[in-house]
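Dear colleague,

I am passing on the structure we spoke about, and I would be grateful if you could look through it with the notes below at hand.

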Amino acid sequence: MTRRTLRRKLLGWLAIYVALVTLAVFSAANYVHEHAEHAVWRSLLNTELDSIIGQMRTDPAYHWQDSDTLWFYAEHEPGGIPESLGRLHPGLHDGALLDGKDTAVMVRDTSDFGRVVLALDISDFGELEHFITRWALLAGVALLLVTLLMAWVGMTRLVRPLSVLAEDIAQLSPERRGQRVLVDKRGSTELEVIAGALNDYLQRNEHFVDRERAFISTASHELRTPIAVITGAAELALEQPGLPDRARQQLLRVRNTSTGMEQLIQLLLVLARDPAKLAAMSELVALDELLPEIAEDHRYLAKGKELELVLVEAAPCQLLAPLAVVQAAVGNLLRNAIENSDRGVVRLGISANAVLTIEDPGHGMSPEEVAQVYARMSKGERNPGAGIGLDLIARLCDHLGWKLEIHSQPERGTRVTLDMGSSRPR
């Protein structure tokens, strides 16, 4: 559901408010006008009717002379009272029709003259009243439109700094340092408070990232020395003549494990660097030549299992990336495939578009489990039972712009693709 903007909400409420106020004012004015009009007609007609009756009582021969707008009728006079007026009850009647004209009529019952009626033609006044009413309605509509227009302009000026601030926030990048958001000079104090809090958060986040990178870098460098010593000692021991087979197997295991640990440290160092600095470490890597070497280095992991590593495709392909990073990424994915498989064939290949494919005959995962893996990778969470490989690869893809996809079915194995094409030379 699309949410309405703050501007539309405020304009909607303002339109309703102005419409209700205009309706209330117009209704009150119309009510007062009607009562004032009735009071005027009642006073005017009663005064004139009192004068006529007084004259008639003083002078029995007196006869009222009708004018163009005022007519007098009495039951005792010839012609009597018109039928349209004879049915009216005593009192004031506003809007009675007489010969097609709107009239204000005062009806009175007297003891000596019977029923008398005085009618005033108010057609011209009615037309004027309608004219004023139309203009009042137009004025109300104009007031509503002008109010909404001014409110629209005001809201635009009010919301614009907020929109600019939102655009600046959207352009923030986790990889850039020294980022700050500024409030437009037309912005309010509240926006200054929001921007200040956000800038404070950005500064604290930079310090946190710096501490994390410094720790990872320091820890990784400290670990590289003992790992290098272990690897070198294992290689020297393997060169000794007459080495028993059992000891040779253990030394090979030590060397391979230390090599894997060195690749893991290399990944940590990569993630501790800025992508811009990482680009300076890139070099052209021939993936079709590197993939067989990586497969051969990890073949020892399949020993003791009914498992075979097969290179199904190695199309000529060059990639612009740090060599150690590519080795660590491919090695981690291949290690995961071997460790999660017991028997069958692990197939791996690289296409001309720098898309690595690894298929294993393991137990596989259900669609729900695959979705959970994606969710953990997107949130940066770890699965304690799945090792560190996928977590590091996911962060590496986010760091370098690569794309990792997992396709799996229960009891049918898993197919992993790593698209490194965005790093290819152009």
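Predicted model: local features only at pLDDT ≥ 70, side-chain atom pairs only at ≥ 80, totals over all residues.

Residues are numbered from 1 along each chain as its sequence is written, and side-chain values use heavy atoms, with hydrogens and water left out. Helices (H or I, at least four residues) and strands (E, at least two) are DSSP runs numbered from the N terminus, and two strands are said to pair if DSSP finds at least two bridges between them.

An open sheet of four strands, with antiparallel pairing, has the order S1-S4-S3-S2. Its edge strands are S1 (70-74) and S2 (91-98), each of which pairs on one side only. Neighbouring strands here are turned by 25 degrees against each other on average, direction ignored; axes are lines fitted to C-alpha atoms, for helices over the stretch in contact, and angles run from 0 to 180 degrees between N-to-C directions.

Seven bridges join S2 to S3 (residues 101-110) in the antiparallel sense, with Leu-92 opposite Met-106 and Gly-91 partnered by Val-107. The two strands form a hairpin with two residues between them, and Asp-99 in the turn has a positive phi of about 55 degrees.

Helix H1 lies across S1, S2, S3 and S4 (114-121), running at about 50 degrees to S3, where contact means heavy atoms within 4.5 Å. The axes of H1 (residues 6-58) and H3 (residues 123-170) come within 10 Å and cross at roughly 160 degrees, which makes H1 roughly antiparallel to H3. For these words, angles under 35 degrees count as roughly parallel, over 145 as roughly antiparallel, 65 to 115 as roughly perpendicular and the rest as oblique. The crossing of H1 past H3 is right-handed; a crossing is given that name if the near helix is turned clockwise from the far one by less than a right angle, and is left-handed if anticlockwise. The residues of this contact divide into 19 nonpolar, six polar and four charged, with Ala, Val, Leu, Ile, Met, Phe, Trp, Tyr, Cys and Pro counted as nonpolar, Asp, Glu, Lys and Arg as charged, and the others, Gly among them, as polar.

A second open sheet, of five strands with mixed pairing, has the order S6-S8-S9-S11-S10. Strands S6 (306-314) and S10 (403-409) stand at the edges with a single partner strand each, so one side of each is left without a neighbour in the sheet. Neighbouring strands of this sheet are turned by 10 degrees against each other on average, direction ignored.

S6 and S8 (residues 343-350) run parallel and are joined by eight bridges, and Glu-313 stands opposite Gly-349 in S8. Helix H7 (residues 287-297) packs on the sheet, touching S6, S8 and S9 (355-360), and its direction makes about 155 degrees with that of S8. Helix H8 (residues 323-339) lies across S6, S8, S9, S10 and S11 (413-419), at about 15 degrees to S9.

H7 and H8 pack at an angle of about 50 degrees, with their axes 10 Å apart, and are therefore oblique to each other. In their contact, Leu-287, Leu-290, Leu-291, Ile-294 and Ala-295 in H7 meet Leu-323, Val-326, Gln-327, Val-330, Gly-331 and Leu-334 in H8, and by class the contact has nine nonpolar, two polar and no charged residues.

S10 has a covered face of Leu-404, Ile-406 and Ser-408, and an uncovered one of Lys-403, Glu-405, His-407 and Gln-409. S10 pairs with S11 in the antiparallel sense over seven bridges, with His-407 opposite Arg-415. These two strands form a hairpin with three residues between them, where Glu-411 in the turn has a positive phi of about 65 degrees.

Ala-354 lies in the loop between S8 and S9, and its phi is near 65 degrees, a positive value in a residue other than glycine. At 0% relative accessibility, Ala-354 counts as buried, a word used for under 20% relative accessible area, with exposed meaning over 50% and partly exposed in between (1.4 Å probe, protein chains only).
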